[in-house]
Amino acid sequence: MLNKIKEKLMAFKDIFKDDNTINEKNVVGFASFVIMVIFAAADIITGLLGKELLITDTIFNSFVIITLGSFGIDGLTKIFIKNK
């Protein structure tokens with residue numbers, strides 16, 4: 001059990017290396033998308049309960065820009081940069 005925890009911590013440290021296999025842009029984009037989905041679900045639930053959920057447009061638009069930027073940059077790099 002302790003060895004598995006140690007392996008997971010070592011794997012987490014590997015994220016920050018320059019030669020990792022994890023695409024950081026996708027991680028950030030996915031996290032931003034999950035937050036947008038949570039906002040939308042909370043808005044729908046509070047709407048069904050008859051209450052208004054006040055979410056600043058600036059905050060929501062920031063997550064939209066982060067999501068589109070992350071996935072857009074990653075998509076462009078896949079299109080224009082050829083593998084070595």
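**View 1. Ile38 sits in helix 2.** Helices here are DSSP runs of H or I with at least four residues, strands are runs of E with at least two, and both are numbered from the N terminus. Ile38 counts as exposed because its relative accessibility is 53%. The cut-offs are under 20% relative accessible area for buried, over 50% for exposed, and partly exposed in between (1.4 Å probe, protein chains only). This is a predicted model, where local features need pLDDT of at least 70 and side-chain atom pairs count only at pLDDT 80 or more, while totals for chains, interfaces and linings use all residues. Residues are numbered from 1 along each chain as its sequence is written, and side-chain values use heavy atoms, leaving out hydrogens and water.

**View 2. The whole protein has three helices and zero strands.** From the N terminus, the order is α-α-α. Of the 84 residues in the protein, 7% are buried.

**View 3. Helix 3 covers residues 57-80.** Helix 3 has 24 residues and reaches 33 Å from its first C-alpha to its last. That is close to the 34 Å expected at 1.5 Å a residue (1.5 Å times one less than the number of residues). Which residues of helix 3 are buried? They are Thr67, Ser70 and Asp74. Helix 2 is included in what covers the buried residues of helix 3; contact means heavy atoms within 4.5 Å.

**View 4. Among contacts in the protein between residues at least 6 apart in sequence, 69% join residues at least 24 apart.**
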